[in-house]
Amino acid sequence: MAATDVTSVSEIDELRSQKNIFQKFAELFRKQPLGAVGFAVVIAMIIMAIFANIISPYDPELNDFAAMLVAPGADYWLGTDQFGRDILSRLVYGARTALFVGFAASFVGASCGLVLGVMSAYFGGTFDLIFQRVMDVFMSFPLIIMALAIVSIFGPSTQNVIIAITIPFIPRCARVVRSNALAIREIPYVDAARALGFGHARIILRHMAPNVMAPFLIMLTSFVGQAILTEASLSYLGLGVQEPTPAWGLMLQGGAEEYIESEPWIAIFPGVAISMAVFGFNLFGDSVRDVLDPRLRTQ
Amino acid sequence: MKPSTKLAIALGAGAAFALGAVATASAAPKRGGMLNIVVGSKIPSYDGHRETTFGMIHPIRPFYSLLIRVNPDNPQSTSDFTCDLCESFTKSSDGKTYTFKIRENVKFHDGTPLTSQDIKATMHKLIFPPKGIASSRKAFYGMVESVEATGKYEVTFKLKYATGGFIPALATPFNFVYSKKDLDTHGYKWHMKNINGTGAFTFVQHQPGAFVEGKRYANYHLKGEDGKNKPYLDGYKAISAPKMAIRLQAIRGDRAQIEFRAFPPKARDDLKKALGDKITVQESDWNCVMGFSSNQKLKKFQDVRTRQALSMGLDRWGGSKYLSKIAIVKTVGGTVFPNHKLAAKKEELMQLRGYSTDLAASQAEAKKLLAAAGMSGASVELLNRAVDQPYKVVGTWMLGQWKKLGLKTTQIVLPTGPWYAKFRKKKDQETMIDFNCQGVVNPLIDASKWLSNDIASNNYANYQDRQLDKWYDQMNRTGDEAEAYSIMRKYEKRILHEKAHYAVSFWWYKINPYRSYVKGWNIAPSHYLNQSLDQVWLDK
């Protein structure tokens with residue numbers, strides 16, 4: 001009877017302690033205010049990307065020479081560029097490009113890094129040694145240099161930009177995941193799985209990989225900001241997304257340089273958008289790390 | 001015929017014009033000073049016979065002389081040529097023999113005296129190059145049968161047929177005269193990496209990616225207005241600056257005085273606004289035509305209706321009005337340099353598909369043609385060059401125009417090297433921004449671009465049209481101006497209208513703002529012309 005009472009009280013306490021989603025967000029905002037700002041930016045970008053066709057007041061690719069170089073105002077909130085294209089509309093659609101490239105490159109790069117990093121730790125020995133040296137070679141090149149080289153080989157296009165950004169991410173994620181997976185490998189349940197005759201793939205994917213999710217998620221979120229910045233850099237250098245596709249880096253190229261003095265809005269707004277996006281993802285990524293990293297959580 | 005006389009070349013006698021060109025040599029020239037030029041491209045090699053880019057000719061041309069050249073004081077004329085290394089020349093009554101008297105006492109920078117043998121050796125390299133030696137304008141000289149040194153200071157050209165295209169072709173600014181001794185001793189590739197000319201300046205140094213420096217050649221063969229040897233300048237530096245913003249700021253900050261290619265209208269306005277009278281601007285139509293070609297190797301573009309529709313979708317007249325505010329293009333034209341005697345008049349142009357002022361009707365017709373060809377809503381990929389002015393600006397405009405026809409448009413933009421490789425080697429582009437940039441205005445030769453692709457190496461649409469080849473030959477062989485005009489109209493109509501092998505969008509427009517104390521330079525209708533710098537001086 002007493003035991004039943006205790007259970008009931010405990011359930012009631014648990015029920016009392018349960019919070020709705022808004023309360024949880026409020027608590028998160030209180031504990032991680034910068035992370036919350038970052039999260040808000042990320043959400044805003046995602047909404048812009050998904051609903052671009054509803055939010056955009058104009059067709060982002062429509063040349064309207066009657067409205068070329070119009071300053072920000074009632075008709076064009078952020079002004080127009082030298083082709084008479086609405087800058088706000090191009091920024092909104094540009095979020096779609098940035099997120100598509102950012103998420104695709106980050107997810108694929110981090111996922112490949114996760115699998116390869118765990119594999120390297122799991123097999124160890126000569127395989128690990130050789131694999132890590134290969135990773136060293138890739139990591140010896142700065143991200144932008146590596147991406148530039150890859151795009152130069154494959155040619156500029158959206159999918160090649162994703163490939164170019166993905167490849168440098170793989171060793172970065174693999175290295176971090178491996179260090180965590182080395183510890184996991186020593187835990188008895190991995191030996192138990194091996195003793196039960198499970199295959200390597202099953203042990204790696206079902207038993208080890210889920211236990212290194214924390215560093216994986218941290219890397220993933222930090223990669224998104226880097227990917228957006230790299231995509232913008234490549235587009236600015238003319239090696240990324242091409243006209244007339246709206247992309248923030250592309251908006252900073254050509255006309256923006258030419259008109260920076262007399263029509264500064266052409267350069268300012270895409271620049272602000274890139275900064276905000278990278279800042280937002282970095283803040284969000286830092287907060288994810290703070291929440292998921294046990295060492296930081298206990299401090 | 002006297003030296004530096006205006007050559008009465010039947011078809012080259014186009015009307016001289018100077019759009020905004022200003023007289024720059026009213027005061028007595030002063031001597032001394034260094035001219036800093038900014039150049040927006042790189043030097044592939046020093047060999048003028050091989051190269052085709054202003055990236056080479058702007059820094060290297062001052063080291064060399066030509067046999068004849070466009071009159072530097074009147075470069076807007078399409079018929080005013082003067083002797084450079086020749087003293088005079090004569091033409092036979094049948095127009096098939098030209099004899100040039102060569103200047104005596106001209107020396108190469110290494111001290112070797114110039115003789116007719118040097119001219120002959122140079123012309124042989126240009127016109128009859130051995131296998132494996134590139135001569136980019138060899139096709140210009142199809143009319144030449146032989147070049148002989150008929151005296152120590154006399155050279156004779158024998159032609160297969162009389163043509164007004166010969167003298168303008170000979171005045172091509174890439175025809176650097178080389179020393180026979182160098183060609184014999186070092187071979188035909190030596191000039192790619194070495195310089196030894198008779199030009200107004202001698203080579204000092206080349207820091208790759210940074211600058212080329214030249215200093216005054218004291219024994220230069222041409223005299224200045226003060227009776228002393230030209231050039232007036234002590235030297236020059238051609239500074240490499242691929243970014244337009246850098247070139248613009250260099251002139252603004254007086255670290256460079258001039259750029260010889262062109263700036264867009266906005267840059268001109270900004271410079272003028274900032275510096276007022278310290279900046280002088282010269283403007284001119286430009287012997288560069290921009291348009292697009294569709295790759296007829298691909299099934300998609302073998303249907304003439306598709307090609308016609310793409311051309312008809314372009315609002316040329318409206319585009320000219322607006323693009324001329326943001327890009328170095330302006331004049332709507334056909335295949336001949338605007339204002340030349342062989343060029344189509346506006347009424348004639350308006351009869352061609354895509355040149356109507358009734359845009360709505362044109363676009364409606366274009367949509368019908370696309371539907372008939374099964375191309376409604378199809379995707380079209382445009383290959384473009386990673387150069388803002390005017391390539392990317394015109395390309396972006398073009399894509400916008402095609403989108404209005406309901407086409408799904410994409411663009412591939414490649415740096416110059418891979419861009420050339422794609423349509424010259426792979427030949428797998430769909431449509432491409434296509435151009436025809438020439439030096440001396442010489443429509444009879446310039447029109448060779450549209451010959452069949454087994455004749456014209458710069459036919460990137462990959463078609464063969466023997467009717468065009470036949471008309472081109474007739475045009476070049478006739479001595480009758482009216483007949484040439486008539487054939488040119490048929491030639492042009494077939495290219496732009498009937499077969500839509502090519503679509504001209506606009507002719508380029510050259511805008512050169514520069515420091516007002518730079519004197520003696522006159523704008524030409526080409527960024528290749530008038531770069532010898534011997535007549536340039538600084539009013540400081």
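**From the interface to a buried lysine**

Let me begin with the contact between the chains, which takes 19 residues from chain B and 19 residues from chain A; two residues are in contact if their C-beta atoms, placed from the backbone, lie within 7 Å. On the chain B side, α6 (265-275), α8 (316-326), α11 (388-403) and β14 (408-414) each supply at least two residues. Helices (H or I, at least four residues) and strands (E, at least two) are DSSP runs, numbered from the N terminus. The most comes from α11(B), with seven residues. By class, the side of chain B that touches chain A has eleven nonpolar, three polar and five charged residues. Here Ala, Val, Leu, Ile, Met, Phe, Trp, Tyr, Cys and Pro count as nonpolar, Asp, Glu, Lys and Arg as charged, and the others, Gly among them, as polar.

A word on conventions. This is a predicted model, in which local features need pLDDT of at least 70 and side-chain atom pairs count only at pLDDT 80 or more, while totals for chains, interfaces and linings use all residues. Residues are numbered from 1 along each chain as its sequence is written, and chains are lettered from A and ligands numbered from 1 in the order in which they are written.

Next, chain B as a whole. Chain B holds 15 helices and 18 strands, and 54% of its 540 residues count as buried. A residue is buried if 20 or more other C-beta atoms lie within 10 Å of its own, exposed if 12 or fewer, and partly exposed in between, with C-beta atoms placed from the backbone.

An automatic or database domain assignment divides chain B into domain 1 (34-257 + 517-538) and domain 2 (286-509). The C-alpha centres of these two domains of chain B lie 31 Å apart. Between them, 21 residues of domain 1 are in contact with 16 residues of domain 2. The domain 1 side of that contact divides into 14 nonpolar, seven polar and no charged residues.

What lies inside? The largest nonpolar core has 154 residues, and those with the most contacts inside it include M290(B), V329(B), V394(B) and Y491(B). Such a core is a set of buried Ala, Val, Leu, Ile, Met, Phe, Trp, Tyr and Cys residues joined through C-beta atoms within 7 Å. Leaving aside neighbours within four places in sequence, the contacts of V329(B) include M290(B), V394(B), F506(B) and W508(B).

Y491(B) is also one of the buried residues of helix α15(B), along with A484(B), I487(B), M488(B), E492(B), I495(B) and L496(B). An α-helix has 3.6 residues a turn, so residues three or four places apart point the same way. What covers the buried residues of α15(B) includes α14 (466-477) and β16 (502-515) of chain B. After α15(B) comes A500(B), with a positive phi near 45°.

Finally, K300(B) sits in the loop between β11 (279-294) and α7 (304-312) of chain B. Why does K300(B) count as buried? Because K300(B) has 20 C-beta neighbours inside 10 Å. Not counting residues up to four places away in sequence, K300(B) touches T306(B) and E430(B).
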